[in-house]
Amino acid sequence: MTTAKTLAVSDAELYYEVRGTGPVLLALGSPMEAAAFAPIAELLSDRYRVVTHDPRGISNSRLADPEQDSTPDLRAGDVAAILDDLGTDRADVLGSSGGAVTALALATRHPDRVGTVIAHEPPLLTLLPDSEDRLASSRENVEIFHRDGLGAAFGRFMADAGFGENDAPPPQQEPSEQDIANGSRFFAHELLHTVQYEPDIEALRKSRVVVGIGELSYGLTTFPTSTALADLLEVEPVGFPGGHAGFAEQPEAFAPVLRSVLAAG
């Protein structure tokens, strides 16, 4: 059974969903919405109270100011507010891609609210030796979006991320108006704030942070960003089934590994 809720905060209405009972497990994406995590949330709901959400400005989470940027710290504050709304002091966290950056910001700003934090392939370009070039390319990508539109920007983004033409999933259908709105918001207000995030390593060492890497992700930009984070935290990265979106592509295989990591905490 899925319970959908809307929480009003000072500058937004946050949409989130709850499945199951037991210890709270947050499943965070960015810009991925709650729907992307529904299959794995269902699999985990027999043991956990799984909470998924639409990040601020995405789909059902509406902003008072649609032009407001989305930073990892703001998104972490939203997650803390959702925990308050649930009456929950503490939760384990699975964050994937930009959601992994949100999870790291949550652990940094609210260390008392997190148990195990699984940061699955955070795109932390600031940790790479060629970070200046990578960030300049991301800024150019945003310019491409404003000049040439969403399709051109997405193509450049996929190439920068390391996906070849054969790696991209085939289009299933024409994008909806909501898909276009979410993608536009990502490029205009979210991408740069996510990839420019500089993790506070000393603060993160106070929490149990597990760095996850997809077994098929070698060659993606998130492979070296994840290994760099693991090196700084002096932890061994954990391999997860699938690639960058393994939680959605192979939820039946992903879930047992996730359970094992959480149980080890």
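Between which two elements does the loop that holds proline 31 lie? Select proline 31 to begin, and you will find this residue in the loop between strand 3 (24-28) and helix 1 (38-44), where helices (H or I, at least four residues) and strands (E, at least two) are DSSP runs numbered from the N terminus. The peptide bond that leads from serine 30 into proline 31 is cis, and its omega is near 10°.

Before going further, note that this is a predicted model, in which local features need pLDDT of at least 70 and side-chain atom pairs count only at pLDDT 80 or more, while totals for chains, interfaces and linings use all residues. Residues are numbered from 1 along each chain as its sequence is written, and side-chain values use heavy atoms, with hydrogens and water left out.

Next, select serine 59, which sits in the loop between strand 4 (49-53) and strand 5; its phi is near 50°, a positive value in a residue other than glycine. Ser59 also belongs to the lining of the second largest pocket, together with Gly57, Ile58, Ser61, Arg62, Leu63, Pro66, Gln178, Ala181, Asn182, Ser184 and Arg185. On a 1 Å grid over the protein atoms alone, a pocket is an open set of points where a 1.4 Å probe fits, with protein on both sides within 12 Å along at least five of seven lines, and lining residues have an atom within 4 Å of a point. The space in this second largest pocket amounts to about 170 Å³, a volume being the space filled by probe spheres set on the points. Helix 6 supplies the largest share of the lining, five residues. By class, the lining has four nonpolar, six polar and two charged residues, where Ala, Val, Leu, Ile, Met, Phe, Trp, Tyr, Cys and Pro count as nonpolar, Asp, Glu, Lys and Arg as charged, and the others, Gly among them, as polar.

Axes are lines fitted to C-alpha atoms, for helices over the stretch in contact, and angles run from 0 to 180 degrees between N-to-C directions. To see the contact (heavy atoms within 4.5 Å), display Leu150, Ala153, Phe154 and Phe157 in helix 5, which meet Ile180, Gly183, Ser184, Phe186, Phe187 and Leu191 in helix 6. This contact of helix 5 with helix 6 has eight nonpolar, two polar and no charged residues.

Now turn to the other partner, helix 4 (residues 131-148), which packs with helix 5 at about 160°, their axes lying 7 Å apart; helix 4 and helix 5 are therefore roughly antiparallel. Here Arg134, Ser137, Glu140, Asn141, Ile144, Phe145 and Asp148 in helix 4 meet Leu150, Ala152, Ala153, Arg156, Phe157 and Asp160 in helix 5, a set that divides into six nonpolar, two polar and five charged residues.

Finally, select helix 2 (residues 72-86) and helix 3 (residues 98-109), whose axes come within 8 Å and cross at roughly 70°.

Technical notes
Angles under 35 degrees count as roughly parallel, over 145 as roughly antiparallel, 65 to 115 as roughly perpendicular and the rest as oblique.
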